[in-house]
Structure formats: C-alpha cells, structure tokens
Amino acid sequence: MVNAMLHIENLSVNYGTREALRAISLEINPGEIVALIGPNGAGKSTLIRAASGVLKPRLGRVLCAGEDITRLPNHLRARRLAVVPQARQEGGAFTVAQTVMLGRTAYLGWMGKPGESDERSVANALKMTSLTEFAERRVAELSGGEQQRVLVARALAQATRIMLLDEPTSHLDLQHQAGLLKLIRTLSKDYELAVLMALHDLNLVSLFADRVALLVDGELTHLGTPEEVLTEEIIQRAYHATLSVTRHLETGRPLVVLHV
Ligand code: ADP
Ligand code: MG
C-alpha cells in the first residue's frame, strides 16, 4: 500500500462554539492533486489552515509523511509543507525576489544569510512562475494576478513534498489560470508532490484534479474522481443551483454548465 504523504484523520475544527469542520478524513498520495470544492463558507479555507498546522483542531490530527504537523516546530513544518494562502493585497516594500526568498527561511543558517543554493532555488521558482523579469519589482506594485504567482513562487522555493493552495487562480486571467494549473500538475508529477487545492471553477477542477473532495457545511460529503463527484445530482444539491453536466469535447471530462 502506498503511504499517504498527507493524512488528515477525523479532523474537527471549531470557531468558538461553532463547528466549522466535522470529522474530515482525507489522504493524499505523492503525485496526486486533490481539489477541494464546495459553496462559500463550506470550510475550504478552514480545512487548508488546519491541514497546514496553523489552526489547531478540536479533534483529529494531520500527518505529513507520518509526522504529526501540530507537533513540529515552525521551521521543520515549513520544510514539510508549503501553503499558498487565499490572495490578499501584499503590502510592504519587499521586492519579488526578497518575498520568494522568504520561502527559504526554514533552510537558512544561524546568521540567516542565503547561500548559493538558496539563490538558485529562488531563481528557479521565479523562472517556473514566469516572474524572472519582475524579480526587482516591489510586490506592492504588482497586479493581483502577479502577486498570486509570487505566493506560488514562494511556496515552490520551500521545496516541500506537500503543497496546499487556497484558490490560487482567483485573480488570474484565463491564460494564467491554465498556466498555473499546468505548472502545479507538472510539479506534482515530476516531484511527487501531494497537492490539496481549493478551487472555485468546477471545469478547471474537472481538467486538473485527480480526485475531488466536496465540502458542504463543514462535512466532506463526497470524495472521488471528477467523474464520480461532478454529477448533476451531487453538484446541484451542494450548490443549490440548476445546471447540466456534459462532456468536454477534447478530454471527455465532465463539463458543468450553469442554467440561467
Ligand atoms: P470557505 O473557504 O469554504 O468559503 P471558510 O473556511 O472560510 O469557508 O469558512 C467556513 C465557516 O467558518 C464560515 O461560516 C465562516 O464564516 C466561518 N469562519 C471562517 N473563519 C473564521 C474565523 N476566523 N472566526 C470565526 N468564524 C470563521
Ligand atoms: Mg475560502
């Protein structure tokens, strides 16, 4: 049996007395992309924060390659797992290269001075995200989509085996959405990355996810391949929307078409 890279076990999370996640169990294998879907407020960001170890669960645990994430010190956690948070306006005077170098923090020596391998890693992450020419620009002066790619580059520089992404395509135009998801797929296959990614666009989910996890009101109601989860019955009920599911002309994957 393949050992799961990311193992989420019976996870329950509360905000105060309100239950935001109830008994979520999910395993992600090396080289696998799991898309996290569900209506607004279903708990996708909460699950990503709890899986990353920054939000303490009320019950359950999260194992990264067998290690309990909540028990790891920050610098070791940052070597195991990288997070691309839901995009917000990145402030500050940092340049793109400096921001991506923050992804190397967990590897820097006692003096915190980047070495040659850190510089190489940053240059590589900038290249992969098509940001090389932006290296010396200030992040605060970039567009939302460019900032989103900076966050992905920072996560890449962490060189982890697990990547968690919260709606990484939300500020990107069509070309960059496809570009980013292709990059994530390539990385996932080439480096055997385990990827958990909250995504809004169900048709991108259909094209890029190996499996789909559907959250509704804090519960994982369905988990399976895009063919299994992206059905009219399941999606209509979860999203309270009227829609049809047909087939993508080239790939044969499910294509979700909203009725208006
Ligand atoms: P999603 O990402 O699927 O839209 P979230 O995980 O952000 O959903 O939110 C799930 C639920 O938890 C929502 O009802 C939201 O209002 C609530 N929630 C999210 N963050 C907090 C917080 N920091 N404190 C209290 N409630 C929160
Ligand atoms: Mg969210």
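Analyst: Start with one residue, Thr46, which sits in helix H1; helices (H or I, at least four residues) and strands (E, at least two) are DSSP runs numbered from the N terminus. The model is predicted, so local features need pLDDT of at least 70 and side-chain atom pairs count only at pLDDT 80 or more, while totals for chains, interfaces and linings use all residues. Residues are numbered from 1 along each chain as its sequence is written, chains are lettered from A and ligands numbered from 1 in the order in which they are written, and side-chain values use heavy atoms, with hydrogens and water left out.

User: Is Thr46 buried or exposed?

Analyst: Buried means under 20% relative accessible area, exposed over 50%, and partly exposed in between (1.4 Å probe, protein chains only). Thr46 has 7% relative accessibility and therefore counts as buried.

User: Which residues is Thr46 in contact with, leaving aside its neighbours within four places in sequence?

Analyst: Contact means heavy atoms within 4.5 Å. For Thr46 the partners are Val13, Tyr15, Ala20, Leu21 and Leu55. With Tyr15 there is also a side-chain polar contact of 2.8 Å. A polar contact is a pair of N or O atoms within 3.5 Å; within protein, one must be able to donate a hydrogen and the other to accept it, and residues adjacent in sequence count only if both atoms are side-chain atoms.

User: Which residues surround ligand 1?

Analyst: A residue is near a molecule or strand if one of its heavy atoms lies within 4 Å of it. The shell of ligand 1 consists of Tyr15, Arg18, Pro39, Asn40, Gly41, Ala42, Gly43, Lys44, Ser45, Thr46 and Arg49. Helix H1 (residues 44-51) contributes the most to this shell, with four residues.

User: What polar atoms lie by the oxygen atoms of ligand 1?

Analyst: A polar side-chain atom of Thr46 is 2.5 Å from an oxygen atom of ligand 1.

User: How does one read the faces of a helix, and which residues of H4 are buried?

Analyst: First check the length: the expected span is 1.5 Å times one less than the number of residues. H4 (residues 116-128) has 13 residues and reaches 18 Å between its end C-alpha atoms, close to the expected 18 Å. Its buried residues are Asp118, Ser121, Val122, Ala125 and Leu126. They cover an arc of only 135° around the axis, which puts them on the same side of H4; the arc is that of the directions from the helix axis to the C-beta atoms. Glu116, Arg120 and Lys127 are exposed on the other side. The buried residues pack against helix H3 (96-101) and helix H5 (144-157).
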